[in-house]
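Subject: Structure handover

Hi,

Here is the structure I promised to pass on. My notes on it follow below.

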Amino acid sequence: NPLNPPDDSSLDLENWHCSVGHFQNGKITCTVPQLLDYDQDSLQYNVDVALNGQQFTGCPVIFRYYDVRISQITPKLGFSEGGTNIKVKGQGFYDSAGKKFKFQTEYGERQVPATWDRKEKSFSCIAPPITWLFGGKTPTNEMMQKVVEEGANMMLTLNGQQWMFACNFKYHDPAFERMSYCLDFGEDLPEEDREKAWLGEEPTPHPPTDPAELQKWEEDMEKKIKDEDEEFATLARRSGTKFFIWGSHFLKTG
């Protein structure tokens, strides 16, 4: 029944929810009754035991229902080697001894500890390496690629039994190649249009198809990259100067 002062009418028999218990190996187990109508602000209940169906011990313990809604998870992707610090925010969160996260694929799963932030009322965890999600087996390249493409289902529990879906976590490994200044970027555009172009998608270069033109294009690109690398390594620029970061497997994230 709800946790209220002893003289409250909620302690009357009609305010109790009864569930059949089963005794085995010195323990009594039961299924928690479903509450069709309860107060969101009063989710803690007394739980007591009656061995004869009439007389309770009078020494109840506290049981807490929870109604959790996840609203924000950042980030939702990280390196395959693991180590990404993931923060989860939502409504109805509270600190629980049974709190855990689980990363699940069709090949296996891995549970990781959840950390409670009392100030923000949020949870956080560290993403495991992708190789931990194959049930202890050594994954093939095909298995690894499938998990990279499909991601891992990230789950949360507060009682160690019932899991709720949090998000689909993606493993992604961008590769850094080089950096270069962009001093003449959009110099022929008005300032507002230049800023929009800067925040827009980077155009993909399309090399010529003619073999002779392709060779010259490749030579020009090689010289351009060499000059940019030398400039970036030797010339200092004032604060606020924009520069490009070049690489592969980059993603646009929000």
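Where is the place of N25? N25 sits in the loop between β1 and β2 (27-29). Before going on, please keep in mind that this is a predicted model.

**Backbone points**

N25 has a positive phi of about 55°, although it is not a glycine. With a relative accessible area of 72%, N25 is exposed. K121 is found in the loop between β10 and β11. For context, most residues other than glycine have a negative phi, and most peptide bonds are trans.

The peptide bond between T74 and P75 is cis. Its omega is about -15°. P75 falls in the loop between β5 and β6 (77-78).

**The open sheet**

An open sheet is built from 4 strands. Their order is β5-β7-β11-β10, and the pairing is antiparallel. β5 (69-74) and β10 (115-117) are the edge strands, so named because each pairs on one side only. From one strand to the next, the twist averages 30°.

Look at the β10 end. β10 and β11 (residues 122-126) run antiparallel and are joined by 3 bridges. W116 has F123 in β11 as its bridge partner.

**Pairing around β8**

β8 pairs with β9 (residues 109-113) in the antiparallel sense, over 5 bridges. The two strands form a hairpin, with 4 residues between them. In this pairing, F103 stands opposite R110 in β9.

β8 also pairs with β12. That pairing is antiparallel as well, over 5 bridges. Here F101 stands opposite L156 in β12.

**The core**

The largest nonpolar core has 29 residues. Those with the most contacts inside it are I86, F101, F103 and M154. Several elements give two or more residues to this core: β7 (85-91), β8 (100-104), β11, α1 (141-150), β12 (152-157) and β13 (164-171). The largest share comes from β13, with 5 residues.

**A nonpolar patch outside**

On the surface, F23, I28, V49 and L51 form a nonpolar patch. Together they have about 460 Å² of accessible area. F23 lies in strand β1 (residues 22-24). Is F23 buried or exposed? F23 is exposed, with a relative accessible area of 62%. Exposed here means over 50%, so F23 clears the cut-off.

**Salt bridges**

How many salt bridges does a search of the whole structure find? The search finds 6. Side chains of opposite charge can pair when their charged atoms come close.

- E120 and K87: their side chains meet at 2.9 Å, N to O. The pair links distant parts of the chain, 33 residues apart. E120 is in the loop between β10 and β11, and K87 is in strand β7. E120 is partly exposed at 39% relative accessibility. K87 is partly exposed too, at 27%.
- E106 and K146: their side chains also meet in a salt bridge, at 2.9 Å, N to O. E106 lies in the loop between β8 and β9 and K146 in helix α1, so the pair ties together parts that are 40 residues apart in sequence. E106 counts as exposed, at 55% relative accessibility. K146 counts as partly exposed, at 30%.
- K223 and D227: the closest N and O atoms are 2.9 Å apart. Both residues lie in helix α3 (residues 211-234). They are 4 residues apart, about one turn of the helix. K223 is exposed, with a relative accessible area of 53%. D227 is partly exposed, at 38%.

**Where to look again**

Best wishes

How values were computed
Residues numbered from 1 in each chain as written. Predicted model: local features only at pLDDT ≥ 70, side-chain atom pairs only at ≥ 80, totals over all residues. Heavy atoms only, no water. Axes fitted to C-alpha atoms, helices over the stretch in contact; angles between N-to-C directions. Patch = residues over 30% accessible without salt bridge, like charges linked within 9 Å, V, L, I, M, F, W, Y side chains within 5 Å. Areas by Shrake-Rupley, 256 points an atom, 1.4 Å probe, with all protein chains shown as cover. Salt bridge = Lys/Arg side-chain N within 4 Å of Asp/Glu carboxyl O. Buried < 20%, exposed > 50% of the residue type's maximum accessible area, 1.4 Å probe, protein only. Core = buried A, V, L, I, M, F, W, Y, C linked by side-chain atoms within 4.5 Å.
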